[in-house]
Amino acid sequence: MAIVSKAAEMATQAPSFDVARSVPHPAVRFVVRRLGIGLVTLLVASILIFIATNILPGNAAVVVLGRGATPSVLHHLENELGLDRSVVVRYLSWLGGMLHANFGHSAVAEAEGRPDSSISATIGSPLADSAILAALTTLLLIPLTLVLGVLAGLFAGRKLDHAISIPALIMSGLPEFVTGTALIFVFFTELNILPPVALLSPGESPFSNLKALILPVSTLLAVAVGAGIRQVRSGMIEVLQRDFVRFARLNGIAERRVILRYALRNALAPSVQIIAQNLQYLVGGIIIVESVFTYPGIGTYLVNAVTARDVTEVQAAAVILAAVYIVINIIADLIVVFLVPKLRTAMS
Amino acid sequence: MTTTALPLRRWRFAVVVHDWGGRVGVILLLAIIVVAIFGPAFAPHPSTATVGIPGLGPSPGYPLGLDFLGRDVLSRTLDGGRSTLLLGGSATLITYVIGMGVGLAAGHKRSWIDPVLMRSVDVVLSFPALLIMLLAVTAFGNSRVVLVSATALVLFPGVARIVRTATVEVATRAYVEAAVVRAEGSFAIIRREILPNVAGPIIADLGIRFSWAIILIASVNYLGLGLQPPTADWGLMISENRSIITSNPWAVMAPALMLALLIVAVNLVGDSYVRQLGHSTGKP
């Protein structure tokens, strides 16, 4: 709690302080302030992750080797992992290493004496695979959310709205593993047209078997698009009730132009936030979906690390996922502010 | 923002059965609760006993077939509701106890608690929920207590924030100021003046929190990092029977269907209440 409040103070004071003197422009101030807050949040996140993974009774070496390990073996591993140093020193060297993309060594691999214990060397491939899965999903997610959400909003209360909104309501509520399992049941067990797993052999590109990616991507889409549609829909309905839309219609402007030029543009700004939320959702959702389809991404990596109690690997994966989550949030805030000039001055 | 139109004592069962969504939700939810409470008594077999060939399809004596270890799927499905409802329910309860305590304290007193609360909320919200769950499991192991506490940790800031906002709004009303002038204690003011008037927005959120609690816990169980075999739990059953989805799909689909129905039911009831709340405040 103390850490949190201290960080919060830093977040509210530090960035705006020195910027206010040199650069008065509100937009620049906002960007610097937002980046500063993001950096502090990231730092707090890294501290919390480090604490959570070091809170275990005994240390990583004991956990990995088991209670029966001989003192000399234990001492050797503690030395390898740097556990003989104080917590603060360990945190700082961990943090410093990450700045050079050095995530340290896997506790389990060290214990087993495997040569490939460097996390930086092994985490790259799952990260790339996850990025591909997320990118493909995003590519479909944005147009689907916007088109279906806007359509449902335009036809609110009519058949088309119900046909979109009711499935969206159900899909957005269900956990990924239920949706994924249902999809496997339909498209593998019953129809046998799609594979139930998206397993890749080491070094194989996900693009070499696109068919295997259909179900994982669909699962992520079902949950994320479902949630997004509901929000875009209500945003669209709200904009359509505004005065400027009514007056545009009363002025005899063609309905097509009213919607495309007046309503849509104003409904789009909140949609950026909604899509950002969906992308943030993907960071968590990917953990489950990768597990459902045994896809070798960062989520599977994290789950395996937690299962094996490989503390250093958990730290690395958790920090990366938290960082992506925070960065998406920052980017979304910045995009929104540049789309809606009103907010630029309101926030400073 | 909506201040409540429905004081606590007027919140009755009738509120959620006024429209079809609410009615279907309530019936489904009651049915699942009945199954969870009384189902295990009617289970034809012990839920952890191997009774036949693993992966056997539906057959006489085993209406839903057998799972990957040859245990009766029907018995395990009937048994799995208890842990889902109990863990999800207790996590929601703790979420609300902590969330309301912190939110009322921050909103009523507006002291140092307020900024600390808001910043802690920001920190928790800057993590993916599932990541917090996994870190908690890494740190403290996978007991039920850890699952419930981690879920409450993920969910309470949202409740605290809603309660704080509603309380701040109510705290400046004349009837609260009158109570302060009457020299009533903080506790009495919160209980008699503030709480009944912030109940609406708090209850409106209950459905979402409950379904999130169920999903989070079921997800951790699904990943094999929560409840451990041979426990019969819907999330766990779905993952452990993945390999036999072709020989006996029911081993996977029965718990998946129950979880899906439970979540849809909770959301239907919650949405119906929110609609009713909107109605009485004159909002669409």
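Me: Helices (H or I, at least four residues) and strands (E, at least two) are DSSP runs, numbered from the N terminus. With that in hand, where is the place of Arg309(A)?

Reply: Arg309(A) sits in the loop between H13 and H14 of chain A. Keep in mind that this is a predicted model, where local features need pLDDT of at least 70, side-chain atom pairs count only at pLDDT 80 or more, and totals for chains, interfaces and linings use all residues. Residues are numbered from 1 along each chain as its sequence is written, while chains are lettered from A and ligands numbered from 1 in the order in which they are written.

Me: What makes Arg309(A) partly exposed?

Reply: A residue is buried if 20 or more other C-beta atoms lie within 10 Å of its own, exposed if 12 or fewer, and partly exposed in between, with C-beta atoms placed from the backbone. Arg309(A) has 18 other C-beta atoms within 10 Å, so it lands in the in-between class. Its phi is near 55 degrees, a positive value in a residue other than glycine.

Me: And why is Thr294(A) called partly exposed?

Reply: There are 14 C-beta neighbours inside 10 Å of Thr294(A), so it counts as partly exposed too. Thr294(A) lies in the loop between H12 and H13 of chain A, and its phi is near 40 degrees, again a positive value in a non-glycine residue.

Me: How do you know that helix H13 (residues 298-307) of chain A is mostly covered?

Reply: Count them: 8 of its 10 residues are buried. Among them are Ile298(A), Tyr301(A), Leu302(A) and Val306(A). The buried residues of H13(A) pack against helix H7 (119-154), helix H12 (255-292) and helix H14 (311-339) of chain A, together with H4 of chain B.

Me: Which residues touch the most other members of the largest nonpolar core?

Reply: A nonpolar core is a set of buried Ala, Val, Leu, Ile, Met, Phe, Trp, Tyr and Cys residues joined through C-beta atoms within 7 Å. This one has 170 residues, and those touching the most other members include Leu302(A), Ala322(A), Met133(B) and Leu216(B). Helix H10 (residues 250-280) of chain B gives the most to this core, with 17 residues.

Me: What does Ala322(A) touch?

Reply: Leaving out residues up to four places away in sequence, Ala322(A) touches Ala45(A), Ile49(A), Phe127(B) and Leu131(B). Touching here means that the C-beta atoms, placed from the backbone, lie within 7 Å.

Me: How many residues does the contact take from each chain?

Reply: There are 36 from chain B and 38 from chain A. On the chain B side, helix H3 (113-125), helix H4 (129-140), helix H8 (206-222) and H10 each supply at least two residues. That side divides into 27 nonpolar, 8 polar and 1 charged. For those classes, Ala, Val, Leu, Ile, Met, Phe, Trp, Tyr, Cys and Pro count as nonpolar, Asp, Glu, Lys and Arg as charged, and the others, Gly among them, as polar.

Me: What is chain B built from?

Reply: Chain B has 10 helices and 0 strands. Of its 284 residues, 50% count as buried.

Me: Why is H5(B) called oblique to H7(B)?

Reply: The axes of helix H5 (residues 144-171) and helix H7 (residues 186-204) of chain B come within 9 Å and cross at roughly 140 degrees. That makes H5(B) oblique to H7(B), because angles under 35 degrees count as roughly parallel, over 145 as roughly antiparallel, 65 to 115 as roughly perpendicular and the rest as oblique. Axes are lines fitted to C-alpha atoms, for helices over the stretch in contact, and angles run from 0 to 180 degrees between N-to-C directions.

Me: Is the crossing of H5(B) and H7(B) left-handed or right-handed?

Reply: Right-handed. A crossing is left-handed if the near helix is turned anticlockwise from the far one by less than a right angle, and right-handed if clockwise. The residues of this contact divide into 9 nonpolar, 2 polar and no charged.

Me: What makes H7(A) oblique to H8(A)?

Reply: The axes of H7(A) and helix H8 (residues 159-173) of chain A come within 8 Å and cross at roughly 135 degrees. That angle therefore makes H7(A) oblique to H8(A). Their crossing is left-handed.

Definitions and conventions:
Two residues are in contact if their C-beta atoms, placed from the backbone, lie within 7 Å.
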